[in-house]
Amino acid sequence: MRAKRVLFVCTHNSARSQMAEAFLNDLGKGRFEAESAGLEPRDINPYVVEAMQELGYDLSGKKTDGVFEFFRKGRLYSYVIFVCEKETEEKCPLFPGIQNRLHWPFPDPSTFTGTREEILSGVRRLRDAIRARIEDFLAKEAES
């Protein structure tokens with residue numbers, strides 16, 4: 001059976017989509033092939049790199065990608081999942097052949113404020129929420 005291709009999209013491809021991609025590629029055990037992209041790619045958030053490293057995921061060398069680049073290349077996906085606010089989703093291109101377009105809004109960690117530890121704590125909560133959503137997605141996919 002061929003792996004289902006999934007694209008996670010967020011504004012900058014610097015946090016939420018990167019975490020979702022890492023979790024799905026790991027926990028999906030070859031049933032899924034995930035990528036991530038953003039409307040305005042930026043460097044990966046260092047708090048995200050640190051929080052993911054705590055669970056054994058190394059995002060330090062990951063580059064960010066632009067969603068329009070993937071669109072121009074004609075990439076096809078079974079799922080395009082938006083992990084950002086609805087306004088960002090509305091600016092994205094419609095990929096041909098998409099079977100499912102989902103919206104999983106998560107807060108943008110670049111807006112987190114406070115001390116270093118408070119921001120990192122917020123990123124950890126976000127990381128754990130994204131992982132839980134991926135686990136739920138995988139459980140539902142296993143049932144279908």
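Modeller: This is a predicted model, in which local features need pLDDT of at least 70, side-chain atom pairs count only at pLDDT 80 or more, and totals for chains, interfaces and linings use all residues. Residues are numbered from 1 along each chain as its sequence is written, and side-chain values use heavy atoms, with hydrogens and water left out.

The structure holds 5 aromatic pairs, where rings of Phe, Tyr and Trp (for Trp its six-membered ring) pair if their centres lie within 6.5 Å, and planes under 30 degrees apart count as stacked, over 60 as edge-to-face and the rest as tilted. One of them joins Phe8 and Trp104, whose ring centres are 6.1 Å apart with the planes at 50 degrees, so this pair is tilted. Because Phe8 belongs to strand β1 and Trp104 to the loop between β4 (100-103) and α5 (116-143), the pair ties together parts that are 96 residues apart in sequence; helices (H or I, at least four residues) and strands (E, at least two) are DSSP runs, numbered from the N terminus. Phe8 counts as buried at 0% relative accessibility, and Trp104 counts as buried at 5%, where buried means under 20% relative accessible area, exposed over 50% and partly exposed in between (1.4 Å probe, protein chains only).

Another pair is formed by Phe23 and Tyr57, with ring centres 5.1 Å apart and planes at 80 degrees, so the pair is edge-to-face. Here too distant parts of the chain are linked, since Phe23 sits in helix α1 and Tyr57 in the loop between α2 (46-53) and α3 (67-72), 34 residues apart. Both Phe23 and Tyr57 are buried. Ring pairs also link Phe8, Phe32, Tyr79, Trp104 and Phe137 into a cluster.

As for the whole chain, the protein has 5 helices and 4 strands, arranged along the sequence as β-α-β-α-α-β-α-β-α. Its radius of gyration (taken over C-alpha atoms) is 14 Å, close to the 15 Å that the globule rule gives for 144 residues, so the protein is as compact as a globular protein of that length; the rule itself is 2.2 Å times the number of residues to the power 0.38. Of the 144 residues, 49% count as buried. Among contacts (heavy atoms within 4.5 Å) between residues at least 6 apart in sequence, 69% join residues at least 24 apart.
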